[in-house]
Amino acid sequence: MSDQSQYVLPTDSPVALLDCKAAFGLLTDREKLYAHYLSQASWYGGLIVLLQTSPESPGIFVLLQKLFQAQSPKHLEQAATAAPDGPSEEEFQALMVYAAGFYSNMGNYKSFGDTKFIPGLPVEKFKAAVWSSAAYTADPAGTEKLWTAVSGPLYSLTNREKQLGLGDKGITTYFSQNCDLKDAEIAQKFLDEQKISPYNTRLFKTTEGYEVRLASSATSESAVEGMKDDVQFPSGQIDGANFTVKRGDYALLMEKVVHNLKLAKSYAANPSEEKMLTEYARSFTIGSIDAHKDGSRHWIQDKGPIVESYIGFIESYRDPFGVRGEFEGFVAMVNKQMSAKFASLVGAAEDLLPLLPWPAEYEKDRFLRPDFTSLDILTFGGSGIPAGINIPNYDDIRQSEGFKNVSLGNVLNAQYASDSPDKVTFLGPKDREIFMKYKVPSFEVQVGLHELLGHGSGKLFKKEADGTFNFDTENVKHTETGEKISSWYQAGETWDSKFPVISSSYEECRAECVGIYLSPNPQVLKIFGHEGQEAEDIMYINWLNMVRAGVVALEFYTPQTAAWRQAHMWARFVILQVLLEAGEDFVTVTQTQGQDGKPDIMITMDRSKILTVGKPAIGVFLRKLQVYKSTADYPSAKAMYDKYSLVSEEGSHKWLTLRDVVLARKQPRKMFVQVNTTVKDNKVDMQEYEATTAGLIQSFADRFPKEAGVEKIVAELWEKDRPYFS
């Protein structure tokens with residue numbers, strides 16, 4: 001048994017409020033109603049993540065809601081600590097941190113790192129707290145039944161349960177328990193053949209064959225009244241296996257999402273928003289990704305809205321096969337001051353793109369000027385909150401129609417503004433001082449470049465269904481071989497399906513490389529208001545932060561399965577390897593002894609060599625990343641990426657030993673408390689909560705009031721899934 005403390009959230013885990021009061025206060029009544037109903041859709045949809053994370057997550061959610069709707073955290077603490085065999089105050093705090101962590105991640109696996117976390121108090125103390133609760137007093141039989149169902153998996157830590165993964169490598173609910181990688185590959189063949197997008201699907205293997213479930217509020221296979229049904233339901237065979245496609249996954253939650261989108265539509269600001277919401281509602285009703293794409297097209301056209309939002313099955317980081325989207329929905333207000341800087345970056349994009357290290361033929365035929373705004377998040381429903389987003393993720397739309405970038409300003413501020421210097425590990429005192437001073441502005445620069453010119457750059461070479469190519473097959477040459485291009489995407493193939501497992505991390509790596517590659521550019525730094533020595537320091541901290549993140553990334557690697565559990569951190573470790581390989585003592589990573597006498601790590605970077613050693617090394621690597629992506633050359637991409645992803649004890653750096661040091665000194669991630677909105681007499685009120693575990697828990701108890709019937713819905717969906725995971 002490994003050290004269990006790695007799987008417990010520390011009781012001093014920091015909690016921060018996502019402050020959006022000022023931005024929300026500037027909205028008109030109509031805009032507030034629009035934001036409220038979109039928020040409701042996002043929160044109800046976010047509950048789908050429970051069913052996408054682990055078999056027990058829905059049951060744990062129902063238990064926690066039952067406890068904290070019956071009484072406040074404070075009153076439960078009084079009852080629990082007063083019980084004869086109840087938890088101590090410290091143990092009760094561990095229960096509170098567990099509950100807050102569960103709500104923050106929308107499940108019992110970390111959204112950033114995909115490892116399981118368990119309560120930091122003994123199981124009998126947790127049970128005593130439940131038995132002392134008002135919920136138990138009101139419904140002893142129901143509460144006991146719930147506890148019996150979840151208490152085992154709540155604490156269980158077998159090797160397979162320690163992380164998300166497929167087959168014997170981990171836990172997933174995107175696939176029934178009896179599926180492995182081979183099943184995922186066969187299913188992908190079927191989906192490709194039938195031209196069904198995997199984004200909103202799950203796969204269940206039964207005695208009859210495979211069942212592909214589409215997320216939709218409609219459960220019948222017949223057409224939905226008043227809607228053109230563009231989702232056919234093929235059944236078929238691939239490699240001798242039978243497949244059927246069924247609607248209605250998460251139906252009861254999808255219904256609530258659709259209902260609130262329709263309410264929001266009444267308060268839309270323009271026809272683009274109305275059409276967007278119509279298509280989203282259609283997508284979520286009949287399970288059509290094509291309808292979601294149409295909604296996304298209208299969303300791209302909705303330039304500079306006051307209230308910005310996006311919703312659906314978006315990021316594929318947590319599907320072990322890397323193609324199924326996790327549900328998320330966000331609603332936010334535009335921060336005009338910071339958005340002006342991003343707009344200037346968009347304006348400069350056509351000057352900056354040619355500076356990237358690949359020939360013009362590998363760039364999109366024309367740069368589709370996106371909206372790039374800084375947002376203050378009102379609502380983020382899902383498993384975790386990023387700092388920046390480039391969407392939609394549909395490559396066919398991004399390549400030819402456009403995309404939007406958003407930077408989440410109040411998330412950045414809450415995440416980084418209040419850290420103390422002692423939380424910054426593995427840097428010397430001087431570096432730590434500059435790091436503390438410039439990490440927020442340097443991260444703003446990196447997010448801007450990463451989202452706009454990272455995810456927004458590069459062309460995919462395609463052969464269309466009619467046999468034509470979107471590039472000059474005679475004259476475009478492969479940068480690494482000098483030969484004509486010999487591989488490309490066939491009609492219907494996507495980047496995700498062509499590059500399974502590595503696609504998310506590889507693309508994040510490409511975007512991160514674009515960020516550091518362009519960050520020394522004086523024009524870029526000036527756009528963000530930085531010149532002279534300050535600009536030099538910000539550029540240095542951006543590079544140093546990337547290298548430090550590459551070391552910290554070791555926390556997100558599992559030696560037992562030789563697997564990386566977080567796309568961005570995996571990418572940063574790869575970048576660290578590229579910079580170490582560049583040599584000339586540009587970057588050093590050394591094991592040392594800390595002031596506390598325990599093993600430590602010291603990272604140094606020779607800032608005078610960023611332009612002469614660092615940038616050229618990243619340039620060569622970035623060119624290869626792009627060329628292999630453009631030419632759909634998965635074998636070359638995977639060979640290169642695997643080489644830099646290797647974590648071993650061989651060579652000059654003993655990475656597994658260093659990983660132990662990283663784990664011993666890891667810092668807990670911040671949890672965010674979000675506001676709630678309610679409507680009374682057609683007026684929207686906003687409720688803020690204190691930045692504590694109790695405030696976070698109370699926000700969830702209030703968010704889904706008992707009369708909404710959410711616990712009943714989640715319990716019903718949980719019961720329906722359970723036979724596939726036992």
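1. The UniProt annotation "active site", taken from an unreviewed entry, covers E451; positions from UniProt are given in the numbering used here, their feature names are shortened, and such annotations may be inferred rather than shown by experiment. The model is a predicted one, in which local features need pLDDT of at least 70 and side-chain atom pairs count only at pLDDT 80 or more, while totals for chains, interfaces and linings use all residues. Residues are numbered from 1 along each chain as its sequence is written, and side-chain values use heavy atoms, with hydrogens and water left out.

2. E451 lies in helix α17, residues 429–454, where helices (H or I, at least four residues) and strands (E, at least two) are DSSP runs numbered from the N terminus. With a relative accessible area of 6%, E451 is buried; buried means under 20% relative accessible area, exposed means over 50%, and partly exposed lies in between, using a 1.4 Å probe and protein chains only. If neighbours within four places in sequence are left aside, E451 is in contact with F372, G388, I389, N390, N405 and G456, contact meaning heavy atoms within 4.5 Å.

3. The UniProt feature "binding site", again from an unreviewed entry, is placed at H450, H455 and E508. These residues span 59 residues in sequence, yet no two of their C-alpha atoms are more than 8.4 Å apart, so they gather at one spot. H455 is found in the loop between α17 and β11 (462–463) and is buried, with a relative accessible area of 10%. Apart from neighbours within four places in sequence, the contacts of H455 are N390, R398, H450, E507, E508, R510 and A511.

4. E508 has its place in helix α19, residues 503–518, and is buried as well, with a relative accessible area of 5%. Not counting residues up to four places away in sequence, E508 touches Y317, H450, H455, A567, H568 and A571.

5. A student might next look at the open sheet of five strands, which has the order β6-β7-β8-β10-β9 and mixed pairing; two strands pair if DSSP finds at least two bridges between them. β6 (307–315) and β9 (388–391) stand at the edges with a single partner strand each, so one side of each is left without a neighbour in the sheet. Neighbouring strands of this sheet are turned by 35 degrees against each other on average, direction ignored. β6 and β7 (residues 326–335) run antiparallel and are joined by eight bridges, and E315 has E326 in β7 as its bridge partner. Helix α2 (residues 29–46) lies across β6, β7 and β8 (371–381), running at about 65 degrees to β8; axes are lines fitted to C-alpha atoms, for helices over the stretch in contact, and angles run from 0 to 180 degrees between N-to-C directions.

6. There is also an open sheet of four strands, in the order β2-β3-β5-β4, with mixed pairing. Its edge strands are β2 (201–206) and β4 (236–238), each of which pairs on one side only, and the twist averages 35 degrees from one strand to the next. Strands β3 (residues 209–215) and β5 (residues 241–249) run parallel and are joined by five bridges, with R213 standing opposite K246 in β5. Helix α10 (residues 181–193) packs on this sheet and touches β2, β3, β4 and β5, its direction making about 130 degrees with that of β4.

7. The axes of helix α11 (residues 251–265) and helix α27 (residues 710–721) come within 9 Å and cross at roughly 140 degrees. The two helices are therefore oblique to each other, since angles under 35 degrees count as roughly parallel, over 145 as roughly antiparallel, 65 to 115 as roughly perpendicular and the rest as oblique. A251, L252, L253 and K256 in α11 meet I713, E716 and L717 in α27.

8. Strands β18 (residues 676–680) and β19 (residues 683–687) run antiparallel and are joined by five bridges, and T678 stands opposite D685 in β19. The two strands form a hairpin with two residues between them, and D681 in the turn has a positive phi of about 50 degrees.

9. Finally, Q566 is found in the loop between β14 (563–564) and α22 (567–581) and counts as buried at 7% relative accessibility. Q566 touches F112, G113 and F556, not counting residues up to four places away in sequence.
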